[in-house]
Amino acid sequence: MSYIQGDGEIDEDFTHRIGVGWRLASGVLCDKKVPSILKGKFYRAVVRSSMLYRAECCPVKNSHIQKMKVAEMRMLRWMCGHTRIDNIRNEDIWEKVGVASVDDKMHEARLRWFGHARRRSLDAPVKRCELLALGGTRIGRGRPKKYWGEVIRQDMTRLQISEDMALDRKV
(Lines give C-alpha, C1' and ligand atoms only; values in the text may rest on other atoms or scores of the structure.)
Protein backbone atom coordinates (compact mmCIF):
# COMPACT_ATOMS: atom_id res chain seq x y z
CA MET A 1 0.00 0.00 0.00
CA SER A 2 1.25 3.51 -0.82
CA TYR A 3 0.47 6.65 1.11
CA ILE A 4 0.28 9.61 -1.24
CA GLN A 5 -0.86 12.83 0.35
CA GLY A 6 -3.39 15.18 -1.23
CA ASP A 7 -0.66 17.51 -2.43
CA GLY A 8 1.17 14.63 -4.15
CA GLU A 9 3.89 14.28 -1.53
CA ILE A 10 5.17 10.89 -0.34
CA ASP A 11 6.46 11.80 3.14
CA GLU A 12 3.92 9.58 4.88
CA ASP A 13 4.82 6.65 2.62
CA PHE A 14 8.48 6.84 3.65
CA THR A 15 7.52 7.13 7.32
CA HIS A 16 5.27 4.07 6.93
CA ARG A 17 8.05 2.07 5.21
CA ILE A 18 10.50 2.89 8.02
CA GLY A 19 7.91 1.75 10.57
CA VAL A 20 7.46 -1.53 8.69
CA GLY A 21 11.23 -2.01 8.75
CA TRP A 22 11.33 -1.48 12.52
CA ARG A 23 8.52 -3.98 13.10
CA LEU A 24 10.32 -6.60 11.03
CA ALA A 25 13.65 -5.87 12.70
CA SER A 26 12.41 -6.16 16.26
CA GLY A 27 12.33 -9.97 16.39
CA VAL A 28 15.46 -11.56 14.92
CA LEU A 29 17.78 -8.59 15.06
CA CYS A 30 17.60 -8.09 18.83
CA ASP A 31 18.48 -11.73 19.61
CA LYS A 32 22.04 -11.80 21.01
CA LYS A 33 22.43 -15.50 20.12
CA VAL A 34 22.21 -14.77 16.36
CA PRO A 35 25.61 -13.87 14.79
CA SER A 36 26.07 -10.42 13.20
CA ILE A 37 26.61 -11.81 9.70
CA LEU A 38 23.32 -13.74 9.83
CA LYS A 39 21.56 -10.64 11.14
CA GLY A 40 23.04 -8.73 8.20
CA LYS A 41 21.65 -11.27 5.74
CA PHE A 42 18.23 -11.04 7.36
CA TYR A 43 18.44 -7.25 7.29
CA ARG A 44 19.35 -7.20 3.58
CA ALA A 45 16.75 -9.78 2.56
CA VAL A 46 13.77 -8.72 4.66
CA VAL A 47 14.10 -5.41 6.44
CA ARG A 48 15.83 -3.31 3.78
CA SER A 49 13.73 -4.70 0.94
CA SER A 50 10.55 -3.77 2.80
CA MET A 51 11.88 -0.29 3.57
CA LEU A 52 12.86 0.30 -0.07
CA TYR A 53 9.64 -1.11 -1.54
CA ARG A 54 8.65 1.12 -4.49
CA ALA A 55 11.34 3.66 -3.66
CA GLU A 56 12.84 3.16 -7.12
CA CYS A 57 9.98 4.89 -8.88
CA CYS A 58 9.36 7.79 -6.49
CA PRO A 59 10.95 11.22 -6.79
CA VAL A 60 12.69 11.07 -3.40
CA LYS A 61 13.92 14.19 -1.68
CA ASN A 62 17.07 14.57 0.37
CA SER A 63 14.90 14.54 3.51
CA HIS A 64 13.55 11.09 2.56
CA ILE A 65 17.06 9.76 2.01
CA GLN A 66 18.19 11.23 5.32
CA LYS A 67 15.28 9.57 7.17
CA MET A 68 16.18 6.22 5.63
CA LYS A 69 19.87 6.62 6.48
CA VAL A 70 19.08 7.51 10.10
CA ALA A 71 16.66 4.58 10.48
CA GLU A 72 19.17 2.18 8.91
CA MET A 73 22.04 3.23 11.16
CA ARG A 74 19.85 3.04 14.26
CA MET A 75 18.81 -0.50 13.30
CA LEU A 76 22.34 -1.62 12.48
CA ARG A 77 23.77 -0.18 15.70
CA TRP A 78 20.93 -1.80 17.63
CA MET A 79 21.68 -5.13 15.92
CA CYS A 80 25.34 -4.92 16.93
CA GLY A 81 24.54 -3.86 20.48
CA HIS A 82 26.16 -0.43 20.09
CA THR A 83 24.89 3.09 20.68
CA ARG A 84 26.07 6.42 19.30
CA ILE A 85 27.87 7.00 22.59
CA ASP A 86 30.27 4.16 21.66
CA ASN A 87 31.66 6.41 18.85
CA ILE A 88 31.88 3.64 16.26
CA ARG A 89 31.94 4.89 12.67
CA ASN A 90 29.12 4.01 10.29
CA GLU A 91 31.56 2.36 7.88
CA ASP A 92 32.74 0.02 10.64
CA ILE A 93 29.14 -0.95 11.45
CA TRP A 94 28.37 -1.61 7.76
CA GLU A 95 31.48 -3.75 7.46
CA LYS A 96 30.74 -5.72 10.64
CA VAL A 97 27.21 -6.56 9.50
CA GLY A 98 28.16 -6.92 5.83
CA VAL A 99 25.73 -4.44 4.26
CA ALA A 100 26.06 -1.42 1.99
CA SER A 101 24.53 1.99 2.67
CA VAL A 102 20.79 2.34 2.07
CA ASP A 103 21.60 5.45 0.05
CA ASP A 104 23.70 3.42 -2.40
CA LYS A 105 20.97 0.79 -2.63
CA MET A 106 18.35 3.45 -3.42
CA HIS A 107 20.53 4.80 -6.26
CA GLU A 108 21.08 1.26 -7.55
CA ALA A 109 17.36 0.42 -7.45
CA ARG A 110 16.37 3.64 -9.23
CA LEU A 111 18.90 3.09 -12.00
CA ARG A 112 17.81 -0.54 -12.37
CA TRP A 113 14.18 0.62 -12.73
CA PHE A 114 15.23 3.32 -15.19
CA GLY A 115 16.97 0.70 -17.34
CA HIS A 116 13.88 -1.51 -17.17
CA ALA A 117 11.67 1.40 -18.26
CA ARG A 118 14.02 2.31 -21.12
CA ARG A 119 14.23 -1.27 -22.43
CA ARG A 120 10.50 -2.01 -22.44
CA SER A 121 8.43 -1.70 -25.60
CA LEU A 122 6.44 1.46 -26.30
CA ASP A 123 3.12 -0.40 -26.41
CA ALA A 124 3.57 -1.90 -22.91
CA PRO A 125 0.92 -0.77 -20.41
CA VAL A 126 1.86 1.97 -17.95
CA LYS A 127 1.87 0.84 -14.32
CA ARG A 128 0.68 2.91 -11.36
CA CYS A 129 4.23 3.22 -10.11
CA GLU A 130 5.27 4.82 -13.41
CA LEU A 131 2.42 7.30 -13.18
CA LEU A 132 3.75 8.40 -9.79
CA ALA A 133 7.14 8.96 -11.35
CA LEU A 134 5.73 11.38 -13.91
CA GLY A 135 4.85 13.91 -11.20
CA GLY A 136 2.06 16.43 -11.16
CA THR A 137 1.43 20.07 -11.81
CA ARG A 138 3.03 22.89 -9.88
CA ILE A 139 0.85 24.21 -7.07
CA GLY A 140 1.65 27.43 -5.24
CA ARG A 141 4.88 29.32 -4.88
CA GLY A 142 8.43 28.13 -4.61
CA ARG A 143 10.50 25.52 -6.33
CA PRO A 144 8.62 23.04 -8.54
CA LYS A 145 8.27 19.51 -7.20
CA LYS A 146 11.11 17.16 -7.88
CA TYR A 147 10.35 14.71 -10.66
CA TRP A 148 11.63 11.17 -11.04
CA GLY A 149 13.59 12.07 -14.18
CA GLU A 150 15.44 14.76 -12.27
CA VAL A 151 16.41 12.27 -9.56
CA ILE A 152 17.61 9.79 -12.21
CA ARG A 153 19.73 12.48 -13.91
CA GLN A 154 21.34 13.29 -10.55
CA ASP A 155 22.06 9.58 -9.94
CA MET A 156 23.62 9.19 -13.40
CA THR A 157 25.74 12.31 -12.93
CA ARG A 158 26.90 11.07 -9.52
CA LEU A 159 27.95 7.70 -10.96
CA GLN A 160 29.17 9.18 -14.28
CA ILE A 161 27.04 6.98 -16.52
CA SER A 162 24.95 7.80 -19.61
CA GLU A 163 21.37 6.95 -20.54
CA ASP A 164 22.58 4.59 -23.26
CA MET A 165 24.26 2.43 -20.64
CA ALA A 166 20.77 1.66 -19.28
CA LEU A 167 20.00 -0.34 -22.41
CA ASP A 168 22.81 -2.79 -21.63
CA ARG A 169 21.60 -4.90 -18.72
CA LYS A 170 25.05 -6.19 -17.78
CA VAL A 171 26.45 -2.68 -17.33
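The largest cavity is lined by Asp-13, Phe-14, Arg-17, Met-51, Tyr-53, Arg-54, Ala-55, Cys-58 and Met-68. The structure is a predicted model. The volume of this largest cavity is about 50 Å³, and the count comes to one cavity of 30 Å³ or more. Helix α1 supplies the largest share of the lining, three residues. By class, the lining of the largest cavity comprises six nonpolar and three charged residues, with no polar ones.

Met-68, a lining residue of the largest cavity, also belongs to the largest nonpolar core, which has 27 residues. Together with Tyr-43, Leu-76 and Met-106, Met-68 touches the most other members of that core.

| Element | Residue range |
|---|---|
| α1 | 11-28 |
| α2 | 36-51 |
| α3 | 62-80 |
| α4 | 90-97 |
| α5 | 102-119 |

The most is given by α3, with eight residues. Apart from this core lies another, of seven residues, including Trp-113, Trp-148, Ile-152 and Met-156.

When neighbours within four places in sequence are left aside, the contacts of Tyr-43 are Leu-29, Arg-48, Glu-72, Met-75, Leu-76, Met-79 and Val-99. Among these partners, Leu-76 is itself one of the core residues that touch the most other members.

Helix α2 also contains Lys-39. Is this lysine, Lys-39, buried or exposed? Lys-39 has a relative accessible area of 5%, and because buried means under 20%, Lys-39 counts as buried. Leaving aside neighbours within four places in sequence, Lys-39 is in contact with Val-28, Leu-29, Asp-31, Lys-32, Val-34 and Met-79. From Lys-39 to Cys-80 the separation is 41 residues in sequence and 9.0 Å in space, taken C-alpha to C-alpha.

In helix α4, the buried residues are Ile-93, Trp-94 and Val-97. Seen down the axis of α4, these buried residues fall within an arc of 100°, so they line one face of the helix. An α-helix has 3.6 residues a turn, so residues three or four places apart point the same way. The buried residues of α4 pack against α2 and α3. Just after α4, Gly-98 adopts a positive phi of about 80°.

Notes. Residues are numbered from 1 along each chain as its sequence is written. This is a predicted model: local features need pLDDT of at least 70, side-chain atom pairs count only at pLDDT 80 or more; totals for chains, interfaces and linings use all residues. Side-chain values use heavy atoms; hydrogens and water are left out. A nonpolar core is a set of buried Ala, Val, Leu, Ile, Met, Phe, Trp, Tyr and Cys residues joined through side-chain atoms within 4.5 Å. Buried means under 20% relative accessible area, exposed over 50%, partly exposed in between (1.4 Å probe, protein chains only). Helices (H or I, at least four residues) and strands (E, at least two) are DSSP runs, numbered from the N terminus. Contact means heavy atoms within 4.5 Å. On a 1 Å grid over the protein atoms alone, a cavity is a set of points where a 1.4 Å probe fits but cannot get out, and a pocket is an open set with protein on both sides within 12 Å along at least five of seven lines; lining residues have an atom within 4 Å of a point. Grid points are joined across faces, edges and corners, and a volume is the space filled by probe spheres set on the points. Ala, Val, Leu, Ile, Met, Phe, Trp, Tyr, Cys and Pro count as nonpolar, Asp, Glu, Lys and Arg as charged, and the others, Gly among them, as polar. The arc is that of the directions from the helix axis to the C-beta atoms.
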